[in-house]
Structure formats: C-alpha cells, structure tokens
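Morning, everyone. Please look at the screen.

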Amino acid sequence: MASSLLLFLLSFLILTTTSKSTPATITIPLSSPSFTKLVVPSKDPWGALNHLATQSLSRSHHIKSPKTNSSSIKTPLFPRSYGGYSVSLNFGTPPQTTTFVMDSGSSLVWFPCTSRYLCAECNFPDIKRTGIPTFLPKLSSSSKLIGCKNPRCSVFFGPEIQSKCHECDSTAQNCTQTCPPYAIQYGLGSTAGLLLSETLDFPNQKTIPDFLVGCSILSTRQPEGIAGFGRSPESLPSQLGLKKFSYCLVSHAFDDTPTSSDLVMHTGSGSGDTKTGGLSYTPFQKNPTTAFRDYYYVLLRNIVIGDTNVKVPYKYLVPGSDGNGGTIVDSGTTFTFMEKPVYELVAKEFEKQMAHYTVATEIQNLTGLRPCYNISGEKSVSVPDFIFQFKGGAKMALPLSNYFSFVDSGVICLTIVSDNVFGPGIGAGPAIILGNYQQRNFYVEFDLENEKFGFKPQSCV
C-alpha cells in the first residue's frame, strides 16, 4: 500500500529530462569553534545536549547495522544547529536550490520532494516542520522517474530487483514500470521516496545531466536532504567520478551561524599518487563484508592519552571476518562514538589522570557525557593530550576544544559517547566512529583515487 501511494504521488509529477555538460573538479563550502563552550540554544540546554549525545549514539547504531587534467569546484559548507554540516546544491531545469546534510557515512543523494512532503518529528531549533523547502519536479523540464529496467535501479537495489519488475516483458525494449520506492534508515531518522534522473548544476563551474537523486515524500527526523558522500555507486563522489574531496569544518556553535568553509571536489583525469603539502596520510581499509560498503575505514593503531598508550584490544581496531570492528570517518556523526569496552578504557584513563578535579555527577546524568568536571573554583586546568595514531605513522593530535568543552559556566565534559546496547562483546559494524566534532579545525582529504585519508591541523574560519 505504501509503495503504491509513493508511486501515485510522484508518477504524475515528473516529466522528461534534458541537460548540458561542462568541466571536471568540484569544491563545496562546509560550515559548523582552547575550551570551547557547547552553547545549545534551548529552554532545556541539558536536554538538548543529551539529544546531541543520543543522536550521535543513534547514528552509530545505524552505521553499525549491516546494509546490504583535473579541475575543482568549491561550494560552502555550513554548521547546523542539529549537529551536522550542510551544503546547498542546485537541481533541475531551471535550477532549484536545496540544502543537504553532507554525509560521508551514506551514499544516496536525496531531497525533500513535492508539495506533499511530510516529515515527522522535524521541529528542530530554527527549523519548523511546516517550513521545510522542497524540490518540485513538476517545475523542472529535466525530471524523470527511474524505470524498473533502468540499470541504475539495479545499481541501487541490486540485480534481484529485476524479479520485481512484474509489469515489464523480458523481451520489451521499453518499460513504463517505475523503479520501486526506497526506504533508508539514518539512526534516529528515516526517509522514503522514488528515484529520479535530474540535472545537478554547480553555477559557473559544472553541470551534470542524468544524475541519480532521491525524491523523498516521507521522512522522520530529517530536517534537510542528504548529500551522500559514501563509497557506493549512487553517492555523489561516485556519480561525479571524483578523484578526491576535502573539507575543513569550522567550529560548531549549534546556532546555524552563517560562517562557512569550503568543500572541494576534484574530478577529471588522474593525478597519480600525489600528496597535498603538509598532510599526514593513512590508507583506507577494506571491510571483508559488503554490509558496510558505504564507510571509509582507517586503521587506528593506538589511542594515546597524556603519556599513556590505551591498550585497546586488537579485535576493536580491525574489522573481523564478520565485518565487525574497526574505525570509520563519518561527517554525519556529531560526537565520536566508541564501543563500550573501548570507551571505558578511554574514560577511565582521563578519570585517572584528572582525579584531582571534582566530578560533576549531576551534569553527567543530565547530558549523557562522561567524564565531566566542575572547575569553577580552579585558577588553571591541566588536561592530558588526546592523540589518534593511524597505520603509516599519521598522528591526529586533537585540539583541546575538540574533546573537552564547557557545558556550563564551570563544567567541562569529554565529548565522546558510548552506550550499553552491545553488551560486553564486540557489536555489529565499526567499533569507533570519528565524528565531525573531533574533525573540526582540521583540513581533511579523502583521496579516492589513491585510497588514503589525509589531514593536518588548520584554522577553518
């Protein structure tokens, strides 16, 4: 019934497609601040912080659940109040501008679609459910539905989808049956709709005809569309044939500040194994299963707190034959997630090295963050360094503001999250998810051509 409703709502709205083409690399501005303050505009700041922590955890649950001559273009990336970073993209003929969450942990690009778009639980700070901008296919001369026999229907759903094309004669050259509706889960949120072919336009830079995009009619807790930058064929980098993309995340103020930085996308002819000056690199890793194919895995060798190497068991650092374990880099997660056994090792080491400060137990209970310390009576505060060491020798030494933040005038908390969902053993999917809060004020590069991840400290403002 739901599938029939989605097909009915969309099929009469979409017309035929036309388009033009142009150059080859793309850059996009991203936006999102030595202690920073976690300022969360809300009548219930503790509840809002708990929401951000819970959202990061829920996102981690989703990630950990299996799912089957060059040029460049720049565009701004903005921090959002709900914990992500967004970019504006232009789809359609004539172009319609839509805002998308930039997400390296998923692949489909989709927008809120048609005047009938419905979004449940979408009242976020500065965003009202009734005011979410939507893409209108009927106003675009290049919109058309993806057919059931279209190869890209099989790319998204898998070759077995052809068995559901009941209205298509196997000998027919043309088939009017539409590719089935999609449904995607994003931790706390979800979305559902139909696949379109549309024109993606980067003004004065590049135009991409026949781009596969999702027209979502129903969503839960998704205040904006998603620009999937993951590793699957339907992702934006895959469809554009990107050689690499990079960004530098400005600090979160959780208030939809207009400050932004650039998201840069490189396409065109291969550049060989070239390195960007000043970056430390570590190779991307392969997950032995296809269940987590969207994710960018890196091999974390050590976690160092102060002068102590935290002894993380090997099974959490490297994906096993079942695909579970390992570390991914995810722009769609706010606070870095660690499975409980890893998190406990990290939290207890901070507690050991900061035992002379007063634990803010009440704030820990209110926010879900730990450890938290009341430092209101202190003249100075000493916090141990926090370093991620990766395969190849790359070391990511986090700025203090990336792992401890003020949540009250005199209380600081570690901005790493975990939970008890997976029990004492190793849970499904990645064991560590490096979130965007810990990536702030780093220049970050995803070198897709040479399969490596690079970074360096940099002021992103």
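Which residue in β30 is the bridge partner of E445? Keep that in mind while I set out the strands. Before that, a caution: this is a predicted model.

Let me begin with the strands. Strand β29 covers residues 442–447, and β30 pairs with it in the antiparallel sense. That pairing runs over 6 bridges. Now back to the opening question: E445 has G454 as its bridge partner in β30.

How many residues lie between β29 and β30 in their hairpin? There are 4. In the turn you will find E451, which has a positive phi of about 55°.

β30 also pairs with strand β15, residues 280–285. The sense is antiparallel here too, over 4 bridges. β30 itself spans residues 452–457.

Next, the disulfides. How many does the structure hold? The count is 6. I will go through three of them, in order along the chain.

One of them is formed by C119 and C122, with the sulfur atoms 1.7 Å apart. Are C119 and C122 buried or exposed? Both are buried.

Another disulfide links C248 with C460, and the S to S distance is 1.8 Å. The angle about the S-S bond is -75°, making this link left-handed. As for accessibility, C248 has a relative accessible area of 6% and is buried. C460 is at 5% relative accessibility and also counts as buried.

The last one for today joins C372 to C413, S to S 1.9 Å. This link is right-handed, with 110° about the S-S bond. Where do the two cysteines lie? C372 is in strand β22, residues 372–374, and C413 is in strand β26, residues 411–414, so this pair ties together parts 41 residues apart in sequence. C372 and C413 are both buried.

Technical notes: Residues are numbered from 1 along each chain as its sequence is written. This is a predicted model: local features need pLDDT of at least 70, side-chain atom pairs count only at pLDDT 80 or more; totals for chains, interfaces and linings use all residues. Side-chain values use heavy atoms; hydrogens and water are left out. Two strands pair if DSSP finds at least two bridges between them. A disulfide is a pair of cysteine sulfur atoms within 2.5 Å. Buried means under 20% relative accessible area, exposed over 50%, partly exposed in between (1.4 Å probe, protein chains only).
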